[in-house]
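The sequence and structure are shown first.

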Amino acid sequence: MATTLTPVLTDIWDKDRSWTLRTYEANGGYRGLRRALAMQAGDVVTMVKDSGLRGRGGAGFPTGMKWGFLPAPDGGPRYLVVNADESEPGTCKDIPLMIASPQHLIEGMIITSYAIGCRHAFVYVRGEVLHVYRRLLKSIEEAYAAGYLGTNILGSGFDLDITLHSGAGAYICGEETALLDSLEGLRGQPRLKPPFPAVAGLYARPTVVNNVESIASVPGIVVGGADWFKQMGTERSTGHGLFSLSGHVTRPGQYEAPLGITLRELLDMAGGIREGHELKFWTPGGSSTPIFTAEHLDVPLDYESVGAAGSMLGTRALQIFDETTSVVRAVTRWTEFYKHESCGKCTPCREGTYWLLQVLQRLEAGRGTSADIDLLLDLCDNILGRAFCALGDGATSPITSAIQYFRDEFEAGTHTPADVLFPPERSSLFAYTPRRSGAQLAGVHA
Amino acid sequence: MSVEQVPEARTPGQTHRTGYDDETRARLAADAAQIRARYPQERSALLPMLHLVQSEDGYVSPRGIAFCAAELGLTTAEVSAVATFYTQYKRHPNGTYTVGVCTNTLCAIMGGDAIWEELSDHLGVGHDETTDDGAITLERVECNAACDYAPVVMVNWEFFDNQTPDSAVALADELQAGRPVTPTRGADSVCTFKEMSRVLAGFGDGRADEGVGAGEPTLRGIALARQEGWEAPPFPGGAEAGKPVAERPVASEASTTTPARGTRTTKAVGGSHAPKPGAEQSSAERPATTAGDVSPEQQQTKQQSDDAKES
C-alpha cells in the first residue's frame, strides 16, 4: 500500500475520556498555544500560510491567506467565527471531532484569535447535535478554568472570550455570509460579496470564518512547523485530512490520511465494497460535488487532481453506492434536499430547485418524457453560476454528473420506475419488504 | 432540517396567547439577560432566546414571540420572520420527543426509507405530526452528519446509530411507555424536548461527561493505524514538541515494511532534521515566495472567485 494513515486529530480519539482537557493536555495539548504566544502574531499567520493549509470546509481556500486579508487594525473589534454547521449531505467529520476532542478546536481558536488580533470568537454549531453542544460548552468552561481563555491568557497579556452559538436547522447557514446573518439574529440568507467577511463580516467588522477541521489543524502546525505539515499530502494540497467513508462499504468510518490518497487505497483499508457487490458511483466531497464512478478509483484525493477529473474535493465525504443503487433515486433525493434548503433569496435557486424536483420525481416514478433529460440540463444551465451563493451550483452537480455517467438510467425513467429497475430492498443494509412501490404509483408504465 | 410537508393532523395544545405570569416572565427575563450578555450586539441573542421559549412552552408560542420582541426591541413580525426560517423552531406544540428519521440519500438508501415507512405506520402519524399521547413528534430529517452510522435516527437530537425498522419501533415503544432510552452516542438518557431546548439556549445541564467519546466507525481509522503501526510524521524535537514518548504505541511488525508516511510527498523533510520554527531556515524566516505572498490584487481576485464557491 502506497499511502498510510496519518493520525493527528484522531490520535487521541481512542483515549479514555478523550474529550476532557486533562486527556488533551496529557497528549500534548496546548503546547501549540504556548509556542504561539511566544511568537509575534504575524509570524503565526506566516507559519500557517507557509504550511499550505487549505480550508477543510469544502472550498479549499488557503487558510493563512484568508487571515492575511484582514485590513490593518483600526482599534475596533475583529472576529473569528468557526463554521461548525456541518450539514452537507455525506459530511460527517466535524461532528465526531467535536464529540471526541473538542479541545483541538478550542486551542486552534485561541491560537487563531491571537494571530489575527481577535478578542471575541464564536462557534456556530448546528442545533441538531445536542451532545456536541454539551461537549463544546464544557470544553470552553474547562479552558476558562485553566487560564486558556479570559483575560491575560497564560500571562501573555492576550485576552479572549469564546461564545458558543446554536443554529436552529438550516443548511444554508453553512454558507459563511448566511452564517453571519444567522449569528446576528436574522434569517440565514447569504450576503452579496464583496464586501467579503474579511472586510465587513460579523457586525460589519473584519471577520475570519473558518471550518472546524481547519482550525483544529492549527495547533499541530504551530507545534510541528510548516515543514512538518508539508511532509504530508501533495505539493499544493498539503497536510492531513479526515476522509469519511459511508454507504456500501464494509467498514465505514473516519480515516485520517494525507491529502492525495486514493479511494482505492481507502477502500482497501475499509475492507472494500460490501461483500458480493461492486462500486457503482460515489461522491468525493459531499452531495454538492459531481459524482465519480469506478473509473475514478485512482484519482488522488487532493484539490487539484479531483478538480482536474471533473469534481471537487469538497469535504472528503466519500459516499459509496454499489450496483444495487438507482442513481435516479439518489439524485432525486438530493434534489429534494436542495429544494427544501434553498433559502429563497434568489430566483434561479428558489425556482430552479423546485422545477428540478418536479422533473426528477416523474423520472423516478417512470413517468418522464423524452424531453426531460434536456429539460434538466437546461434548468441546471440556468442555475449554475447564476445563483446568489454556492447552494444553487451545488444542486446542479449531482444531476449533471449523473446524467453524464448514467444517462441510460434517466432515459429508462420515461417508462420504468426506478424501484422496479433497482428494488430498494437490495440496497438497504437489512432485509425488508417495501410497503409502497413506485410501480404501483406509476401505474400503466410498469 | 426536516422536510416540509403540510401536516394533516395537529395535536391540540395550549395556544399560549395570554402572556406569561409575572413569576415566569421574571425568570425568563433573567435568562434572556444572560443570553444577551454573550454578544456584542443584543439582536444576536434572538436564536438562543427562541430555543429558550421552546424550553418553556414546547414550541415557539405567540407569547414567546411577544416576549422576544419586547426583550430585544423588535416587532413581533421581525421575530416571527426569523422563527419561521429555521426548522427546529416548532410552530405548534411539539411532543416530548422529536423522533427524526434521516431520509437524505445515503441513509435513505441504506434503509432509512424503510425505517420511515415502518415508524410512520406504527405510530399512525406523518411528518411533523404528533402522536395522540403527546409523546412523539415524528420527522423526516436531513443529513445529520453521522453517515458512517447509517441508517440514523435522532431522538431529541441525540444519535441512535445503525438502526433497523425493528429497532426504531422498539425505541418508539419505549418512548411512548415513558421509559428512559439511551443514545448510541450521547448522554446516558435522552432528555425531554423542553430540557434539550434549554441546553441549546446555552444553559448546560451538566451531562457533557456522560456517554462515549466515539463510536466504532469514528475510531476505525485510528484503530487501523494502531494495528499497522502507522503514525503521522513526528514533530521536530520529538517528545519536546509533541506528546510524551510513553504515550506512543509500539510500532508493529508491519511498520518496518511500510514506506514512509504520506509517501506521495516528493520533498519530505526528515522529521528530526526539520528546522525549528523561528530558528535559522525555519518557515518563519523564509522569503516571500508562496502563493500567499503574491500581490493583494491577485489575492483579492482569487478570493472573489473562490469564495463564490465556498460553502
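The text below covers the interface and then the helix.

The model is predicted, so local features need pLDDT of at least 70 and side-chain atom pairs count only at pLDDT 80 or more, while totals for chains, interfaces and linings use all residues. Residues are numbered from 1 along each chain as its sequence is written, chains are lettered from A and ligands numbered from 1 in the order in which they are written, and side-chain values use heavy atoms, with hydrogens and water left out.

Chain A puts 135 residues into the contact and chain B 125 residues, contact meaning heavy atoms within 4.5 Å. About 10,800 Å² is buried between chain A and chain B, 57% of it on carbon and sulfur atoms; buried area is the accessible area (1.4 Å probe) that two parts lose on being put together, summed over both.

| Item between chain A and chain B | Count |
|---|---|
| Salt bridges (side-chain nitrogen of Lys or Arg within 4 Å of a carboxyl oxygen of Asp or Glu) | 8 salt bridges |
| Polar contacts (both residues at pLDDT 80 or more) | 41 residue pairs |

A polar contact is a pair of N or O atoms within 3.5 Å; within protein, one must be able to donate a hydrogen and the other to accept it, and residues adjacent in sequence count only if both atoms are side-chain atoms. R333(A) and D113(B) form a salt bridge, with 2.8 Å between the closest N and O atoms. Helix α14 (residues 327-341) of chain A gives the most to the side of chain A that touches chain B, 8 residues; helices are DSSP runs (H or I, at least four residues), numbered from the N terminus.

In chain B, helix α2 (residues 46-57) has 11 of its 12 residues buried, that is, under 20% relative accessible area (1.4 Å probe, protein chains only). Among them are L46(B), P48(B), H51(B) and D57(B). Just after α2(B), G58(B) has a positive phi of about 80°.

Conventions: Helix = DSSP H or I, 4+ residues; strand = E, 2+ residues; numbered from the N terminus. Buried < 20%, exposed > 50% of the residue type's maximum accessible area, 1.4 Å probe, protein only.
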